[in-house]
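Here is a short briefing on side-chain contacts. Please look through the sequence and the model before reading on.

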Amino acid sequence: RDDRNGGNFPSSESRIGQLDIAICSMPAAWSDTDFESRRTKCLELCSSALSEISRDVVSVSTAVCSRSEAHSTKSTVGIVLTGTSVDQTVIGGPAHSSKIIFPGDSILRIDGVVVTSENIRSQLLGCDVPGSTVTLTLAKGGPKGEVIDVPLVRISAEALTDRRKMFEHFTTIKERAAAARDGIAVARVDEAIGLWTRMWEADAAHDQTIEANVLALQAACAGTLQALRAEIAALPAAAAAA
């Protein structure tokens with residue numbers, strides 16, 4: 001049994017092992033009844049192994065350490081603001097994943113509405129429904145930069161709870177350092193955010209590679225088992241007389 005599942009489900013390895021035993025133990029000569037019994041058993045094991053191999057083994061839930069904190073909103077696009085400027089994009093959020101929105105960009109309009117420091121947060125929130133779309137009109141690199149429209153899909157605020165909390169801490173430290181005119185501390189905070197972002201992106205790329213490899217292996221194994229099942233099913237009943 002598969003220990004990764006607490007022993008609750010037979011592993012695909014055990015199913016394939018049973019199939020191997022069933023095929024290898026076929027005698028050189030058998031009765032019609034023996035033949036049909038063996039063939040039926042092999043087909044059942046093929047189906048069972050296919051079912052096991054096709055299980056979703058890459059989707060896992062992510063623990064949220066700040067779950068106890070109440071969320072004031074249901075959705076987010078993952079942008080940390082300073083006035084109407086993008087200060088940071090939360091790692092893994094829609095803005096960060098777009099690879100278009102970066103710190104220093106100025107948000108001019110949201111869904112066609114001109115924004116100010118007073119209304120920008122409510123405009124970003126919009127209908128506050130995960131899965132809804134919001135279009136940001138940005139000036140790249142500052143108010144006088146190239147103006148582009150970037151559509152984003154809001155996601156659940158809970159999905160970014162821990163990362164958003166980290167950015168809130170970074171932002172608080174940065175604001176206090178700026179108020180104290182400590183440019184070195186401000187630079188260190190920005191450096192820490194950059195390093196954390198690169199580490200997270202490297203981990204995410206690693207996880208995506210593993211997921212792709214697992215899915216490719218599942219597909220290859222499933223194809224082989226389907227071909228084997230077809231070959232077994234095609235065996236003529238007359239083979240018993242051979």
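The points below cover aromatic rings, salt bridges and one serine.

This is a predicted model, so local features need pLDDT of at least 70 and side-chain atom pairs count only at pLDDT 80 or more, while totals for chains, interfaces and linings use all residues. Residues are numbered from 1 along each chain as its sequence is written, and side-chain values use heavy atoms, with hydrogens and water left out.

**Aromatic rings**

- A pair of aromatic rings is described by the distance of the centres and the angle of the planes.
- Rings of Phe, Tyr and Trp (its six-membered ring) pair if their centres lie within 6.5 Å; planes under 30 degrees apart count as stacked, over 60 as edge-to-face and the rest as tilted.
- This rule gives two aromatic pairs.
- Helices (H or I, at least four residues) and strands (E, at least two) are DSSP runs, numbered from the N terminus.
- Phenylalanine 167 is buried, at a relative accessible area of 1%. Tryptophan 196 is buried too, at 18%. Buried means under 20% relative accessible area, exposed over 50%, and partly exposed in between (1.4 Å probe, protein chains only).
- Phenylalanine 170 also pairs with tryptophan 196: their ring centres are 6.1 Å apart with planes at 50°, so this pair is tilted.
- Phenylalanine 170 lies in helix α5 and tryptophan 196 in helix α6, so the pair ties together parts 26 residues apart in sequence.
- Phenylalanine 170 is buried.
- Through these ring pairs, Phe167, Phe170 and Trp196 form a cluster.

**Salt bridges**

- How many salt bridges does a search of the whole structure find? There are seven. A salt bridge is a side-chain nitrogen of Lys or Arg within 4 Å of a carboxyl oxygen of Asp or Glu.
- One of them joins lysine 99 and glutamate 201, at 3.6 Å from N to O. Lysine 99 is in the loop between α3 (94-98) and β4 (106-110) and glutamate 201 is in helix α6, so the pair ties together parts 102 residues apart in sequence.
- Lysine 99 is exposed at 52% relative accessibility, whereas glutamate 201 is partly exposed at 29%.
- Aspartate 105 and lysine 140 form a salt bridge of 2.6 Å, N to O. Aspartate 105 is in the loop between α3 and β4, and lysine 140 is in the loop between β6 (133-139) and β7 (147-153), 35 residues apart.
- Aspartate 105 is buried at 3% relative accessibility, but lysine 140 is partly exposed at 23%.
- Glutamate 191 and arginine 188 meet at 3.7 Å, N to O, in a salt bridge. They are three residues apart in helix α6, so about one helical turn separates them.
- Arginine 188 is exposed, with a relative accessible area of 53%.
- Salt bridges also link Asp87, Lys174 and Asp190 in a network.

**Serine 132**

- Serine 132 is in the loop between α4 (120-125) and β6. Is serine 132 buried or exposed? Serine 132 is buried, at 13% relative accessible area.
- Leaving aside neighbours within four places in sequence, serine 132 is in contact (heavy atoms within 4.5 Å) with Cys127, Leu152, Val153 and Arg154.
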